[in-house]
Amino acid sequence: MKAELGTFPKDRQILYKILPLDTPLAMDIHITHMCNFHCNYCVLTQSEEDFAKSGLKREVMSWETFSLVVNQIKEFPNKLKMITMSGIGEATTHTRLVDMVRALHDADVTHKIQLITNGSLLTAELSRNLIDAGLGELKISLQGLSARKYREVSGVDIDWEQFYKNICYFSSIRGGQCELKVKVADIALEDGEEDRFYELFGDICDAVSIEHIYDVWTVQNANLDYHEKTTETTLYGLPLIDNKICRYPFMFVDILPDGQYTTFCHLLFGFEKNIREASIREQWNSRGENEVRLKMLQGKDNFPMCRRCSIVNNTYHPEDLLMGHEKEIESRLREMYQMYT
Ligand code: SF4
C-alpha cells in the first residue's frame, strides 16, 4: 500500500511551546449547513426540534459573507496552516465552491486549502476545476463500500462503481499539488471489509484511515443509538485519556454560514460575535477570547457545555496536549492579554 495511515495532518508542532498565537493555526469555513445525504448519525438529520437545540441553522454562506471572511483573514500577521471548507454540511452542494477555493488561493492566506466531502458530487469537471483553483487537499469521507451500505447509512442511492471511478480520476489528475485522503468510519464497514478498503484506496491515495466512531454528540443532539461500535480508543486509534484542557480556543476558529465567529464546536462561550460586528482578528485577540483561554487552563469543566464534551479525549494528538504546561502558557497569555486590553 502506498498511502500512509491516518488522514489527519502529521506535521504538527508541540502546541504548548508556541502559544499564544497571533494567528490561528487552522480555520473551518462552514460554507453550508445543508447536505445532499441523510446520514443516520448526523445532527443535520435529526428532527427539527432536536436540530434547533444544536443552535445551528440550515443555511448557506453568501458570497458577500465569504468575501468578508477572506478579507478579514488577511488582517492576521501570518498565514494559517490550513483552511478547511466544510464544517457541518456538504461543501460540494455550494454553487460557488470552486470560486471560493480560487479566492482563498489568490488571497495567499493559508499554506493549504482542504475540502472535506462525501465525494458524491465529485464529477471529472469538478475535480479538474478544484485542482485548477488551488485546492491543496481533498479528504473524502466514505459511508460504506457499497450502494447498499449508502442506502442504509445515508438514505441515498449512489452508483458505487461510478463513485469509485470518480475518486480514481481525481487521483490520476491530482499531480503533486493536491493530496487525496480517504477515510471511513468503522461502523460503516461490514465484518471483513477493512482489507477491501485498503485494497480499493491504499494505492490511489496519499493517506487513508479507518476511524473509530465515538460519542461526541452528547453536546450536539445527534443519534447515539447508531453508535454501536463506540470503542475504547480515540478516533485515531490512540488510548483514551482524561484530557482536562481543550486545545481549540488556543489554535482554531470556525466561521458559520451567517458569519458567526465560534471556537471549533460552534457552541458559544458568550463573547463571540458575527464578523460584521467585530473582525475575526479582533475576536481572536479579544478580552473575551483570552478570558476563555485562561479559564480553559483551569480545566474544561469550568464551562458547562465542555463538561459533557468528549471531543478533547477522543481526538487528541500527543503534540497538542496542554496539560502540565498550564503555568507557562498562562504567563505568556497574560503578557499578550495586556497588549490587547
Ligand atoms: S471542550 Fe468540547 S465543547 Fe468545549 S470548546 Fe472544546 S470542543 Fe468545544
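Student: Where is proline 20 found?
Tutor: Proline 20 is found in the loop between α1 (15-18) and β2. The model is predicted, and local features need pLDDT of at least 70, side-chain atom pairs count only at pLDDT 80 or more, and totals for chains, interfaces and linings use all residues. Residues are numbered from 1 along each chain as its sequence is written.

Student: What kind of peptide bond joins leucine 19 and proline 20?
Tutor: A cis bond, with omega of about 0 degrees. Most peptide bonds are trans, and most residues other than glycine have a negative phi.

Student: Which phi does aspartate 108 have?
Tutor: Aspartate 108 is not a glycine, yet its phi is positive, about 55 degrees. Aspartate 108 lies in the loop between α4 (97-107) and β4 (113-117).

Student: What makes β6 mostly covered?
Tutor: In strand β6 (residues 179-185), 6 of the 7 residues are buried.

Student: How do you know that β5 and β6 pair, and over how many bridges?
Tutor: Two strands pair if DSSP finds at least two bridges between them. Strand β5 (residues 137-142) and β6 have 6 bridges and run parallel. Glutamate 137 stands opposite glutamate 179, and isoleucine 140 opposite valine 182. On β6 and strand β7 (residues 207-211), 5 parallel bridges are found, with valine 184 opposite isoleucine 210.

Student: What handedness does the unit of β6, helix α8 and β7 have?
Tutor: A crossover is right-handed if, with the strands pointing away from the viewer, the path from the first strand over the helix to the second runs clockwise. The β-α-β unit of β6, helix α8 (residues 193-201) and β7 is right-handed.

Student: What is the order of the open sheet of 9 strands?
Tutor: The order is β1-β7-β6-β5-β4-β3-β2-β8-β9, with mixed pairing. β1 (4-5) and β9 are at the edges, each with a single partner strand, so one side of each has no neighbour in the sheet.

Student: In which sense do β2 and β8 pair, parallel or antiparallel?
Tutor: Strand β2 (residues 26-29) and strand β8 (residues 252-255) are parallel over 4 bridges, and isoleucine 29 has isoleucine 255 as its bridge partner. Strand β9 (residues 261-262) runs antiparallel to β8, with 2 bridges. β8 and β9 form a hairpin with 5 residues between them, and glycine 259 in the turn has a positive phi of about 95 degrees.

Student: Which residues have the most contacts inside the largest nonpolar core?
Tutor: They are Ile31, Met85, Val101, Leu138 and Ile255, in a core of 72 residues. A nonpolar core is a set of buried Ala, Val, Leu, Ile, Met, Phe, Trp, Tyr and Cys residues joined through C-beta atoms within 7 Å.

Student: How many residues surround the ligand?
Tutor: The count is 14, and the closest are Cys246, Cys265, Cys306, Cys309 and Ile311. A residue is near a molecule if its C-beta atom, placed from the backbone, lies within 6 Å of it. α12 (304-307) and α13 (311-314) each supply at least two residues of this shell.

Definitions and conventions. Buried ≥ 20, exposed ≤ 12 C-beta atoms within 10 Å, placed from the backbone.
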